[in-house]
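Please read these points with the structure open beside you.

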Amino acid sequence: MDAVTARPDVDVVVVGAGFGGLTMLYRLRERGFSMQGVEAGDGVGGTWFWNRYPGARVDVQSVEYSLSISKEVQDEWTWSELMAPQAELERYVNFVADRLDLRRHIKFNTRVTAMTWDAKSATWLVETEQGDAWRARFVVTAVGCLSAPLEPAIEGIHDFAGVTLYTNRFPKDGFDFTGKRVAIVGTGSSGVQATPVVASQAKHLYVFQRSAAYTMPAGNRPWAPGEFEALRENYDEIRAAQHASPLGAARFGAVAIGAFRTPPPKILETPMEERLARLDREGWLAASAFAWSDVAVDIEANRAAQQLYAEMIRRQVKDPETAASLVPHYPMGCKRPIIDIGYFETFNRDNVTLVDLRKGAIRRVTAEGIETEQGKFGLDVIVYATGFDAMTGSLNRIDIRGLGGRLMREAWLADGPRAYLGLMVAGFPNLFTITGPGSPSVLTNMMMSIEQHVDWVTDAIGHLNEAGLNAIEPTRQAQDAWVDHVNEIASYTLFPKANSWYMGANVPGKTRVFMPYAGGLDVYRVKCDQVAGNGYEGFTLSA
Ligand code: NAP
């Protein structure tokens, strides 16, 4: 097509049909824009479509991990327990798509491979593996922060003669582990959640642990009679509290912090006897950063809390060697906190063995199983719970070419991802990234972050239309200042002290930089509103 005469097919292409993509489509349709959704999977749900591993469950209370965009959806959906399992979330996201009649806007089984900006026509050309091509005035990526699976760099991984499974692409119909010798490789959130469920089925489960993780009991439970109905009646209040919360999850805060009416004491100023007495009274909570005001900011205090955490593990896990191996070696709170249902207790089962890879690493996978420096393990099934190329992986796997044909992944190569507010990238006009790097995203309740981004993007596109303008792009100065601010906030925290996916440390060769914004969703929301209110400060708007 001749670029000068190129005409858009639609106003907006929306990439991804998880909660972000669906919310975006809904808001755009409300404002009368034409749009095309594109989704690689054969159904809606994103994270909850792909991560169907046994034990998968949300770690925020469901009344808060739900969309507030539609009163009908809110009033008509009933959550069955405090924190919904994956299957219920998948049913919910399908309910949302049907109730809001969004499916008709989406082309499924279609993977976007390239997006190319044409400056003359001020349009994006979006191309797919299946041969589609749409020209759009705007593109919104809603591709998820944890959606680009990582294949672990283990020799022989494809030589295994048994069944190989990945938590982040688990079979739709599940898998029956009964009578099988099973390995789970990886003890992040996915491995920790899967372990108790797989252990309850397998003949024997070997948990291959490279780094022990901090995990706490989820506290999930069924509703008391009438409890959910009462909450649903109070949704206005719940949403208001979520909006005011840095996490976008006020009930989590109430549960965790409300246990301590006065500001928590400093662990370093508390005698050991009293620390242990709190463990007796309060259990895991007393071994967390919530219980002490100095643990998140002072590395010595953090070490003291780690000792309490180790003591809690010793109280749960009968075998002293296993208990010692389960104690993490990095500061508490630097990686994503995990919540579980019966994780540590699982290691008291006769059919479960912890393989501590610090005592001898994996050498290779063979046809029969896994060979390590500490011996060979014969297996029928290997489940990899080895994580994602987080925050940037899904964007970088698309050839996104902006001004001058510059590839986004190359622009992000040297210094890590650079974006203004995590919403837009200099040199890539009219391309919005829902929960992009530099936004609060993964440090918050994703539903709240998604809704905030979607509303901001919808308003920005609406503003351009009303003003008769064609293009919006952040200035380099504004982007640089925002990236500096994100780094400065991170430097006040202990986050950069661990090799986490927040830092890109789990991907060989990836630049190590703390990617999300740690200043809180409430503060971030105000900043975004100010930017828009000041005529899109830090952006160049052009005809
Ligand atoms: P992850 O946190 O990145 O954990 C990956 C695990 O695999 C780590 O234990 C890692 O060890 C291990 N690993 C990677 N490569 C390995 C290798 N070659 N050999 C041995 N072990 C290896 O991934 P994830 O568990 O999928 O979780 C990712 C994120 O998704 C979470 O942090 C969370 O934000 C989200 N998530 C949330 C939920 C929930 O909220 N309910 C559930 C699942 C996931 P090292 O630590 O040593 O690298």
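1. In helix α7 (residues 235-244), the buried residues are Tyr235, Ile238, Arg239 and Gln242. Helices here are DSSP runs of H or I with at least four residues, numbered from the N terminus. Buried means under 20% relative accessible area and exposed over 50%, with partly exposed in between (1.4 Å probe, protein chains only). Seen down the axis of α7, the buried residues fall within an arc of 95 degrees, so they line one face of the helix; the arc is that of the directions from the helix axis to the C-beta atoms. An α-helix has 3.6 residues a turn, so residues three or four places apart point the same way. Asp236, Glu237 and Ala244, on the other side of α7, are exposed.

2. This is a predicted model: local features need pLDDT of at least 70, side-chain atom pairs count only at pLDDT 80 or more, and totals for chains, interfaces and linings use all residues. Residues are numbered from 1 along each chain as its sequence is written, and side-chain values use heavy atoms, with hydrogens and water left out.

3. Around the ligand there are 23 residues, of which the closest are Arg57, Ser190, Arg210, Ser211 and Trp501; a residue counts if one of its heavy atoms lies within 4 Å. Helix α5 (residues 189-199) gives the most to this shell, with 3 residues.

4. Which polar side-chain atom lies 2.8 Å from an oxygen atom of the ligand? That atom belongs to Trp501. Taken alone, the ligand exposes 920 Å², and the protein buries 85% of that (Shrake-Rupley method, 1.4 Å probe).

Definitions and conventions
Helices (H or I, at least four residues) and strands (E, at least two) are DSSP runs, numbered from the N terminus. A polar contact is a pair of N or O atoms within 3.5 Å; within protein, one must be able to donate a hydrogen and the other to accept it, and residues adjacent in sequence count only if both atoms are side-chain atoms.
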